[in-house]
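Try each task before reading its solution.

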Amino acid sequence: MLKIAIWLHHVPQWVVHRVAGAAMRKQAFQVSVRSFPRWLDELQGLRRSWDARGVSGAATVAEQAFVFDIDGVLRKGKRTLPQAQEALRKLYTEDRSRPKFPLCFLTNGGGVSESTKAKQLTDWLGVNVAPDQVVLAHTPMRDLVPRLADSPVLLSGRGTVKSVASEYGFKKTVTTEELGRAMPTATPFSSYPSLDGEGGRICPVRGDGLGTQSNPFKAVLVFTDPSDWARDLQLIVDVVMSGGVPGRVKLPPGSAPVEVFFSHADLLWANDFPAPRFGQGAFSLAFESLYKATTGKSAPVTCFGKPTPSPYRLAEKLLMKQVPPHLHNSTQHPPFSRIYMIGDNPAADVRGARNAKHPWVSVLVKTGVFSKDEINSKEDPADIVADDVLEFVKSVV
């Protein structure tokens, strides 16, 4: 036992986490949140000086950071889960104005701006949440602005996607509803309410000529799950097959492909219904299947959101803004002994944390997609499993 203690004293914490995580995955074993903190504290007591102190004695690694999924962890449907407020308050100062640890929110939800979501979280959780603590599913789409800002793009999804896209910097946008309204015979089973009272608003298709031969769509951006799948599937397939000019049957030689960007690929998500619901990943599969069946080719699709690396890298940048300045020069990047990713979806949250590698630690809660009847996910086992977010937070704070 003494030899093990000496060995642990000389081993970085991320090695301890990963060895333990590998053992859990191999044995399909759940580390209870009740026993995990005591075990972890013993290890930290033995080897804290390894990764939290430099030669000068100044801290070079922040102890821990927290990243929360929202749906299925803090919210379910239209209600805030009862454990969520208490869990977050434990991580904030007494006046609830700022977090005591680097903390942000990483969700495959969206349809609003980051500032709007921050205000919603503040109201729901009773703590102050700033816009630069929020990564939405479509936040990584900001990186597309340099090459698509002045090009016509088709937007799909519920919420205020047009205003969000404009805020990001996309200047020539058309929503699927606007496109369907401009050419109603393209979607004969969809209805479009009258625009009476909208004060002479110009149609971006008929009025501005977007999506025409002189101004074809260059990309499709699926910001959120659309509310009218039939309409959006038809129009997106039309746009991609026609080289950005819906209704055009024959493509001119050398036509550039129209790329389709999905904000995430979650097959399932949880609301108040007893069983999980289909998410944007299901819509993506439907589109790819229809495109393949129609053209015989694979669709030009790119997915953002969890479990892809981009939102985790964005979250790291937000966490970095919350650490003391001297840690920005740490030899370890990001300078955290561990970043807890607390989520309810093994295929998104857990897999994404595993792909993000050290110092990410996956935490799976049983209040959303993940079933309460299972010990751990067999396909994407988490490092830690807890009944709910409060149980986990109590175990580490």
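**Exercise 1: a helix and its surroundings**

Leu285 lies in helix α10. This is a predicted model, where local features need pLDDT of at least 70, side-chain atom pairs count only at pLDDT 80 or more, and totals for chains, interfaces and linings use all residues. Residues are numbered from 1 along each chain as its sequence is written, and side-chain values use heavy atoms, leaving out hydrogens and water.

Task: find out whether Ser284 is buried or exposed, and which residues Ser284 is in contact with.

Solution. Start by placing Ser284 in helix α10. Next, take its relative accessibility of 3%: Ser284 therefore counts as buried (under 20% relative accessible area, 1.4 Å probe, protein chains only). Finally, leave aside neighbours within four places in sequence; Ser284 is then in contact with Phe262, Val301 and Cys303 (heavy atoms within 4.5 Å).

**Exercise 2: the sheet**

Task: work out in which order the strands of the open sheet come.

Solution. Begin with the strands themselves (DSSP E runs of at least two residues, numbered from the N terminus; helices are H or I runs of at least four). The 5 strands follow the order β7-β6-β8-β9-β12, with parallel pairing (two strands pair if DSSP finds at least two bridges between them). At the edges are β7 (172-175) and β12 (301-303), each pairing on one side only.

Now look inside: 4 bridges join β8 (residues 219-222) to β9 (residues 259-262). Val222 stands opposite Phe262 in β9. To finish, helix α10 (residues 280-295) packs on the sheet, touching β8, β9 and β12.

Notes
Axes are lines fitted to C-alpha atoms, for helices over the stretch in contact, and angles run from 0 to 180 degrees between N-to-C directions. Buried means under 20% relative accessible area, exposed over 50%, partly exposed in between (1.4 Å probe, protein chains only).
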